[in-house]
Every structure is written in structure tokens, then in C-alpha cells.
Amino acid sequence: MSEKWDTRFLGLAAHTSGWSKDPSSQVGAVITEGNRIVSLGYNGFAAGVKDTQERLNDRNCKLNLTIHAEENAMIFANQDLSNCTVYVTHPPCPRCASKLIQEQIKRIVYINPSEDFLSRWADDLKLSHEMYHEAEIDITSYELDDVNVDKASITVSPGGFFKTILSRFVNAKPKT
């Protein structure tokens, strides 16, 4: 896969992450087969489970109720995922790494974590990488600054519909 497609799918994963209601960690995932999108996922509670502010702000409760973005994408794919690629906004935790390996995902692409993220999760990420190595999974990671629209060859016409809609999303005031 080219850097152009990696950038496009990481951008889609980042967009999808915004659908999560988690106030502290919004994660998005995209599963592809070649250039074809197989599934999308974001972190959140199971369908029908109330995502109240009380639950979302209670760390232990939230961690127990949350389905990770990678897990949601695998569940909604509803097909064989061998030889697919998963694009994730954050490096997968060991729980998700083991499931991705079991699904025979061939490649994992993510944005390198911040120092703050590493200060909390470095040991977990090390374990994930050990599993990838043992299972011979290809890993590609990008620095955040290396993920940009120019490399994705995305054309946005001035005044076009996409630019109009995107500007409304970007300029929207957050709900309080």
C-alpha cells in the first residue's frame, strides 16, 4: 500500500474517532482489503447500553463498558479478515492486538503516540509489538506531522460541497 492510501485511511480513522462519546480517548479504526473499505469502528459502549455522562466520567466503569475501535470494526466487518489491513488512530492495546492477530490481519498502521500516551501505556504497547513480531504482522507507523492532505492527493475545490460541509464541521462549537 502506498503512503497516499495510508494517509487517506488514517484520515478516515481520525474522522471516525470523532464519533466516540468518550471524553478522554477518541479512537477510530478502518479495516481495508487493498483500497476497499471493509469496516469502520470507534470506541464506545455496546448498542443499547446507555452512555451517560456519569458512566463516561467514571474511569473504571467506562473501561469495563467500552468496546475498542478495533473490536467494533472487526465485529461490524462480519467477514473473513485474513490479509486485511487495519488503520488506527492509536497503537492497539494487547487486548486488541491479540484479536487482530487471531483474525489474521496482515498489516497494522497507526499514528505514533504522544509522550503523554506513552507515559501511561508504553509497557502495553511493548507487549503488543512482541505479539506482532511473533505472529509476523507487518507494522507501519507515522509521525503525526507526516500525515497530511498533500500526501493523500485529496482535491478540494474552492467553494465545493466538500469544503463547505467540512468547514461547518471544523467550525462547529462543541456541545457542553
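Student: What kind of link do the side chains of glutamate 71 and lysine 99 make, and how do you know?
Tutor: A salt bridge is a side-chain nitrogen of Lys or Arg within 4 Å of a carboxyl oxygen of Asp or Glu. For glutamate 71 and lysine 99, the N to O distance is 2.4 Å, so the pair meets the rule and gets the name salt bridge. Before we go on: this is a predicted model, where local features need pLDDT of at least 70 and side-chain atom pairs count only at pLDDT 80 or more, while totals for chains, interfaces and linings use all residues. Residues are numbered from 1 along each chain as its sequence is written, and side-chain values use heavy atoms, with hydrogens and water left out.

Student: Where do glutamate 71 and lysine 99 sit in the chain?
Tutor: Glutamate 71 is in helix 4 and lysine 99 in helix 5, 28 residues apart, and the pair links distant parts of the chain. Helices here are DSSP runs (H or I, at least four residues), strands are E runs of at least two, and both are numbered from the N terminus.

Student: What makes aspartate 116 and arginine 120 a salt bridge?
Tutor: Their closest N and O atoms are 3.0 Å apart. Aspartate 116 and arginine 120 both lie in helix 6, 4 residues apart, about one turn of the helix. An α-helix has 3.6 residues a turn, so residues three or four places apart point the same way.

Student: How do you know where the buried residues of helix 5 fall around its axis?
Tutor: In helix 5 (residues 94-102), Pro94, Cys96, Ala97 and Leu100 are buried. Looking down the axis, the buried residues stay within an arc of 160°, so they line one face of helix 5. The arc is taken from the directions from the helix axis to the C-beta atoms. These buried residues pack against helix 4 (69-77), strand 5 (85-88), strand 6 (107-111) and helix 6 (115-135).

Student: How many disulfides does the structure have?
Tutor: The search finds 0. Cysteine 96 shows how that works: its nearest cysteine sulfur, that of cysteine 93, is 3.8 Å away, and a disulfide is a pair of cysteine sulfur atoms within 2.5 Å. Cysteine 96 is therefore in no disulfide.

Student: What does histidine 68 touch?
Tutor: Contact means heavy atoms within 4.5 Å. Leaving aside its neighbours within four places in sequence, histidine 68 is in contact with Tyr42, Asn43, Cys93, Arg95 and Cys96. Histidine 68 and cysteine 93 are 25 residues apart in sequence and 9.3 Å apart in space, C-alpha to C-alpha. Histidine 68 has a relative accessible area of 22%, so it is partly exposed.

Student: And valine 27, is it buried or exposed?
Tutor: At 14%, valine 27 is buried. Valine 27 sits in the loop between helix 1 and strand 1. Not counting residues up to four places away in sequence, its contacts include Ser17, Val88 and Thr89. Serine 17, in helix 1, has 10% relative accessibility, so serine 17 counts as buried too.

Definitions and conventions. Buried means under 20% relative accessible area, exposed over 50%, partly exposed in between (1.4 Å probe, protein chains only).
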